[in-house]
Amino acid sequence: MHRLIVSSAVLLAVSACAPSPSVATSSRADASQCFRPNLVRNFTAPNDQTLYVRTADAGVFQIETPFCRDMTRALSIALEPVAGSSRLCPGDQASLLSPGTRPQPCRVRIDRKLTTAEIEALPSRDRP
């Protein structure tokens, strides 16, 4: 019974802070700047600080890291959100796992979603 009281209090607090319709609309527009890690279809790493990933909807995201050993030679990667979310958006932190980066995963930050012109401007070897 104690759990029910705590859960109800949390639900009431969350509903009291619900965004107004105008805020909810802008949040949906920002969702297009995010991706689900399980929908990454391809990636390239031009260096050990930059990673580009292509998602199932053909979006390309730039991901930055201070240094991730052997990222340029990785044959497979997995991204895991640090905050436990199911989506990654610009500014979010994630762990990059790859057979080449073991034993420790690399900490990365989602930098931004590239525009079509930015994708086309990448050297062909760097396009995911």
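Author: Strand E2 (residues 50-55) is largely enclosed by the rest of the structure, because 5 of its 6 residues are buried. Buried here denotes under 20% relative accessible area, with exposed over 50% and partly exposed in between (1.4 Å probe, protein chains only). The model is a predicted one, in which local features need pLDDT of at least 70 and side-chain atom pairs count only at pLDDT 80 or more, whereas totals for chains, interfaces and linings use all residues. Residues are numbered from 1 along each chain as its sequence is written, and side-chain values use heavy atoms, with hydrogens and water left out.

Strand E2 pairs with E1 (residues 40-47) in the antiparallel sense over 5 bridges; pairing requires that DSSP find at least two bridges between the strands. Across this pairing, valine 53 of E2 stands opposite phenylalanine 43. The hairpin from E1 to E2 passes through 2 residues.

E2 is also joined to strand E3 (residues 60-64) by 5 bridges, and these two strands run antiparallel. Here tyrosine 52 has glutamine 62 in E3 as its bridge partner. The hairpin of E2 and E3 has 4 residues between the strands, and within it alanine 58 takes a positive phi near 75°.

Helices (H or I, at least four residues) and strands (E, at least two) are DSSP runs, numbered from the N terminus. Of the 128 residues of the protein chain, 30% count as buried.
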